[in-house]
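Let's walk through how the parts of this model meet, starting inside one chain and then moving to the contact between chains.

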Amino acid sequence: MSDFIPDEIVVEILLRLPTKSLIKFRTVSKSWNSLITSPNFINTHLTHSLTSNTYINSYDNLPLMMVRQYDSTFYNETENCKLFLDSEDSFDEYKALEFPIKSYYHHFFWAIEYAKGLFCLFKKDRFFLLNPSIRKSMAMPKPMINKPARYHGFGFDPRTNDYKVVRIVDFYGEPTTRIEVYSLNAGSWKILSGASNSFLDEITIAFFGRFTSYLEGAVHFPGYMKISNDPLILSFDLSDEVFQTMLLPDGIFGLKTMVITSVLGGLLSLLCYEFASPGYKSCSIWIMKEYGVVDSLYKQLTVDLSGRITRVLGMRNNGHVLLDVKTATDWVLSSYDPSDQQIKNLGIHATECPKVVDTYEENLILLNKPNYAFSRWGVSGRKRKDR
Amino acid sequence: MSSSLEKNMLILRSSDGEEFIVPEVVAVMSKAIKNMVEDECASNTIPVPNVDANILAMVIEFCKKHDESEAEAASDLKTFDSEFVNRGQEALYDLITAANFRDVKELLDALCQNVAEMIKGKSVHHIRIQFLGYQLFEILTSNFIWNIWCDRDFD
């Protein structure tokens, strides 16, 4: 290995390296820098990390959970992005990742989703993509439909190795629904033609959960038929850019249930909250064992909440459920053990509730994009030039 | 000699003249040899230039193992791979050259994986010396500040 290795072999070796080493090795030489930051290499590295079973990430493939939360006090607002080691009997902080975006003055970003290593955040009409594993962020252009969208979805299109954002804009009172899709590869928004989406006007999307869920190249929303009130799951296929519906059997959730679609343990699931003043009575977790097969939907467990204000966030490797529990002053991350129905405080506090909890994944997406400069005054202040 | 040779056997001759008799199924794991066999431009003896006897023996050992163990558990093969490629740098370099030149995909994959695991925690200096052939003198006399900046910890 002393003299030189042919270029094509260098590429093969670099493809197998974790992102942390690649970021460091950009400084080896100019040609390595241009190789690692080339779109082609970034794409191939992504494909390799997703498909190869020998890929080892920067943290030796440890079972890491990513927790994103927002803290605000009078003087200080911080976005946190931390990795937690999800072992059998503990959930300890492993590493804090730098969060390159700051939102000031109590206007935190809404996180649409964390999918395949990328966060999608928004605030009013500004949308951002963020890759915490390489500390890169990017601002998207403003959407073309100048109305606040009611539903957002974000996910990865495996066919073209693309990340896409979908906005569903309802005009109150008007019967038309308009759909807009952003593609990272194209770098622009696109309005979908109305004809193929006309059936959306017959569907009410249940608007309770901010988080949609990404799985199998599609994002999912819970909903009802407008006339018959039949429950269904609406999915948007990011590759074909079409909506599909999965009609659900009666009795899974009624009109008074708050339903959120989620992904637990890699399976599509429904979180059905039954309400009882002042908090929730219980949350039933339904899991679809086989994707797209309605009959494989079964009730995994019911979390007894009895009056507490709480949100189900995710599931740990040992089957415990992660909850966000409201205390007098803030929200605290807790772990629910289904066997003895105890809620254990994990001691991770945040002043605002929208947390994102997901399995850590890493790639080099956004590495070749210019970093967005954030001003002290947040993102919606004066106009500035996007580089 | 060719008369005593069984039908599905091939002779590979290394750069230093040593000959190896291997089954055809093993030899055609190299794409380059496979193409030669398919085009029927291979006589009884296939010369393998640039690869000496020592390295050729290693490559044949690897191919034989992979050919036999197709039905075996993948984890066994994986341990074999990682043990096989765990060698000194000189041998590793020669193996990479041989695998690349003869186009043996499985071997190349295992070798690249091994090198990746070797270098992933190394410093930028180390990589420059290993991959670009930089000498210590050049590193010390080239842009000193730049090198300090390169070697800061990226954690």
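Two residue pairs, both at pLDDT 80 or more, are in polar contact between domain 1 and domain 2 of chain A; a polar contact here is a pair of N or O atoms within 3.5 Å, where within protein one must be able to donate a hydrogen and the other to accept it, and residues adjacent in sequence count only if both atoms are side-chain atoms. On the domain 1 side, the elements that give two or more residues are α2 (19–25) and α4 (39–51) of chain A, with helices (H or I, at least four residues) and strands (E, at least two) taken as DSSP runs numbered from the N terminus. The largest share, four residues, comes from α4(A).

A word on ground rules: this is a predicted model, in which local features need pLDDT of at least 70 and side-chain atom pairs count only at pLDDT 80 or more, while totals for chains, interfaces and linings use all residues. Residues are numbered from 1 along each chain as its sequence is written, chains are lettered from A and ligands numbered from 1 in the order in which they are written, and side-chain values use heavy atoms, with hydrogens and water left out.

Back to chain A, which is divided into domain 1 (7–51) and domain 2 (64–359); these bounds come from an automatic or database domain assignment. Each domain puts six residues into the contact, meaning heavy atoms within 4.5 Å. Domain 1 and domain 2 of chain A bury about 480 Å² between them, 62% of it on carbon and sulfur atoms. Buried area is the accessible area (1.4 Å probe) that two parts lose on being put together, summed over both. In domain 1 of chain A, A:Thr19, A:Leu46 and A:Leu50 lose the most area to domain 2, together 60% of what that side buries.

What about the two chains? Chain B and chain A bury about 2,800 Å² between them, 62% of it on carbon and sulfur atoms. The contact takes 32 residues from chain B and 29 residues from chain A. There are eight residue pairs in polar contact across it (both at pLDDT 80 or more). On the chain B side, α6(B) gives the most, with nine residues.

| Salt bridge | N to O distance |
|---|---|
| B:Asp109 and A:Arg16 | 2.9 Å |
| A:Asp60 and B:Lys120 | 3.5 Å |
| A:Asp240 and A:Arg159 | 3.0 Å |
| B:Asp109 and B:Lys105 | 3.0 Å |

A:Asp60 lies in the loop between α4 and β1 (64–72) of chain A and B:Lys120 in the loop between α6 and α7 of chain B, so the pair joins two chains. A:Asp60 is exposed, at 53% relative accessible area, whereas B:Lys120 is partly exposed at 22%; buried means under 20%, exposed over 50%, partly exposed in between (1.4 Å probe, protein chains only).

B:Asp109 and B:Lys105 both lie in helix α6 of chain B, four residues apart, about one turn of the helix. B:Asp109 is partly exposed, with a relative accessible area of 25%. Salt bridges that share partners join A:Glu12, A:Arg16, B:Lys105 and B:Asp109 into one network.

Conventions
A salt bridge is a side-chain nitrogen of Lys or Arg within 4 Å of a carboxyl oxygen of Asp or Glu.
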